[in-house]
Amino acid sequence: MRNDTLQGVDGDLLVILRHAPHGTSWLREGLDAALVAAAFGRRVTLLFMGEGVTALVPGQASGPLGQKGTAPTLEMLEMYDIDTLLVEEEALARFGLAVEGLMLPARAVAAAQLPALTADHSLVLTF
């Protein structure tokens with residue numbers, strides 16, 4: 001039985017983003033994969049988990065040593081029709097964040113909802 005907060009969240013590709021915006025290239029690579037998939041007509045859902053939720057904190061700049069920031073890429077999601085953004089509730093709480101304070105509109109999902117969420121997508125990529 002599906003939870004109401006997941007109603008309408010299904011698609012071709014679920015991209016799970018688990019890394020912070022700086023320190024590694026995993027987040028950028030995950031976003032790039034999502035954009036490419038969307039450009040080829042895939043319906044893409046993004047799920048920010050763990051440190052990945054910090055990518056949605058507004059006002060981020062480039063990382064150390066000029067590492068490219070992810071904010072410009074996140075701002076392009078709408079142009080690629082990627083409008084289903086989900087964030088892990090527990091991670092938001094761990095970092096003292098609220099959905100209302102994120103740079104893009106997103107829906108919070110509880111850990112108990114994750115199995116149903118992954119089952120509703122034909123392909124899941126984790127970065």
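Reader: What volume does the largest pocket have?

Author: This is a predicted model, where local features need pLDDT of at least 70, side-chain atom pairs count only at pLDDT 80 or more, and totals for chains, interfaces and linings use all residues. Residues are numbered from 1 along each chain as its sequence is written, and side-chain values use heavy atoms, without hydrogens and water. A pocket is an open set of points on a 1 Å grid over the protein atoms alone, where a 1.4 Å probe fits, with protein on both sides within 12 Å along at least five of seven lines; lining residues have an atom within 4 Å of a point. The volume, the space filled by probe spheres set on the points, is about 170 Å³.

Reader: What is the mean pLDDT of the chain?

Author: pLDDT is the predictor's confidence in each residue, from 0 to 100. In this chain, 84% of residues reach 70 or more. The mean is 87.

Reader: Which residues touch the most other members of the largest nonpolar core?

Author: A nonpolar core joins buried (under 20% relative accessible area) Ala, Val, Leu, Ile, Met, Phe, Trp, Tyr and Cys residues through side-chain atoms within 4.5 Å. The largest one has 26 residues. Those touching the most other members are Val44, Leu46, Phe48 and Ile82.

Reader: Is aspartate 81 buried or exposed?

Author: Its phi is near 60°, a positive value in a residue other than glycine. Exposed means over 50% relative accessible area. Aspartate 81 has 63% relative accessibility, so it counts as exposed.

Key:
Buried means under 20% relative accessible area, exposed over 50%, partly exposed in between (1.4 Å probe, protein chains only).
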